[in-house]
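Visitor: I'd like to go through a model with you before I set anything up. Could you put it on the screen?

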Amino acid sequence: MENHSELFYALSHDALSDGPEVKRRAAMAQFLPLMRDMAMDEFGAFEELRQHVKRVRQHTLDNLDYYLARFELEATNNGNQVHFASDGAELNSIVLDICQQHNARRVAKGKSMVTEETGLNHYLERGGLDVVETDLGEYIVQQAGETPSHIVGPALHKSRESIRDLFLEKHALGERELNEPADIVAEARRVLRETFLTADVGIIGANALVADTGYSMLVTNEGNGDLCANLPSVLIVCTTLDRLLPRGEDASAMQRLLVRSATGQPQTCYTSFYSGPRREDDSDGPLETHIVLLDNERTDILASDYREVLQCIRCGACMNHCPIFAAVGGHSYGSVYPGPVGSVLTPLLSSLEQAEALPNACTSCGRCAEVCPADIPLPDLLRDLRHDLSEQKVTPRRWRFGMRLHAFVAARPGLYRALTNLGFGLLARLGRKKGSFQHLPLAGGWTSARDFPAPQGKTFMAQYQARQAIDE
């Protein structure tokens, strides 16, 4: 996928101008956190399991060279061929080479953010292959010529009506209504059935790699991953180095957090462990299996102060609870990974210059860190990135000047209170008739989308000091 993070402000402006999309995102921002909260309340041991998985993930990353070698040994003993790709171009080349060795013409793909990161679909298509996404959401955005807007729900941005119209246009199946969601799903299933039965190669991702067995774990709700893995004669698993875990029970523990955080379910419909190619006494399964492990800056991130972002388990909870993501949607980020974790990861995968806007797209509300099942301090990492942006003078000069001015004033409480009291009183006086401002100097970004409320009553510090005086 091409990175367009530098267009964040322009794409966000367009997204905020689309009324129906804004309402749909606002509804999802209410619904998805509610589902997650209900699942966590029923589970009851979220924090204990979160800290356990965090310790396991930290231990694995601290000893990644050992677990990587152990996984490669066990996976090879299981009959897999293990490949290492330093960047996206190398992963794409490895996968195309495998397909060409088998004279493949059609590829059935399961959902994989790693292959979105490398732009694998377009690369294989340029190599003459017919690549079909089989996850329903991925299939919808592929048919629409779009990219996923969410790492768990790729087509969450699309309405039922738009999907209906898309299928009527793309599927040459004659007159039909497709008014009900069940009809739409049934049609997708019918169309994709031919892909599963005729694909020469299956490509899937992995939610975890288990070092002591050499297995890969995949969780889905549609079962398409299992069909991609078992029906074609060749299977290719594409994932990244940071998916490693020591043992099978560690993968199961992570899965319990992942599913509840992502969709609010206690369990997905399908959780599968893949060992390798079909054995002599197996009745089905691929004849040949490959595992391609992508680095693409991960080892550099591991050696940096941002290593904690590699503990992400790709549940999307931080996006579901982020007011910025809810307001502008996933496409505005212009990268594979949107939301808070994407705002940390994208600058590290590309550059601070290209993704300069993303670390600043944060209200510092802290909800992402509160709900993150991997306990990643996302607001702290975003703040550190903003510091790097300022130190390296990537941030525009006016912003750096403003932050220095703010730091100067904030470090002097007396001056800070005097200036805020002055500004507070001035704005309250000027806005007393209408109660808000439609235009305000230095706040054009705010007032372009909504009114700026005029201050009411007293400042926080004035109220706090008055309350203290009463208590004393």
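Guide: What follows is a walk through this model, which is predicted, from the whole chain to some of its details.

Visitor: Fine, overall build first: how many helices and strands are in the chain?
Guide: The chain holds 23 helices and twelve strands, and its C-alpha atoms fill a box of roughly 80 × 60 × 45 Å along the principal axes.

Visitor: And what radius of gyration does the chain have, next to a compact globule?
Guide: The chain has 25 Å, which agrees with the value near 23 Å that a compact globule of 472 residues would have. Of those 472 residues, 49% count as buried, and among contacts between residues at least 6 apart in sequence, 73% join residues at least 24 apart.

Visitor: Which residues of H8 are buried, and what covers them?
Guide: In H8, which runs over residues 136-143, the buried residues are Gly137, Glu138, Tyr139, Ile140 and Val141. Their cover includes helix H6 (113-118), strand E3 (130-133), helix H9 (160-170) and helix H10 (181-198).

Visitor: New topic, Ser272: buried or exposed?
Guide: Ser272, which lies in strand E9 (residues 270-274), is buried, because its relative accessible area is 14% and the cut-off for buried is under 20%.

Visitor: Which residues does Ser272 touch, leaving out its sequence neighbours?
Guide: Not counting residues up to four places away in sequence, Ser272 touches Ser216, Met217, Leu218 and Asp226. With Asp226, the side chain of Ser272 also makes a polar contact of 2.7 Å.

Visitor: Last one, why does Gly445 count as exposed?
Guide: Gly445, found in helix H22 (residues 444-447), counts as exposed because its relative accessible area is 63%, where exposed means over 50%. The C-alpha atom of Gly445 is separated by 52 Å from that of Thr289, 156 residues away along the chain.

Key: Residues numbered from 1 in each chain as written. Predicted model: local features only at pLDDT ≥ 70, side-chain atom pairs only at ≥ 80, totals over all residues. Heavy atoms only, no water. Buried < 20%, exposed > 50% of the residue type's maximum accessible area, 1.4 Å probe, protein only. Helix = DSSP H or I, 4+ residues; strand = E, 2+ residues; numbered from the N terminus. Contact = heavy atoms within 4.5 Å. Rg over C-alpha atoms; globule rule 2.2 N^0.38 Å. Polar contact = N/O pair within 3.5 Å; in protein donor to acceptor, adjacent residues only side chain to side chain.
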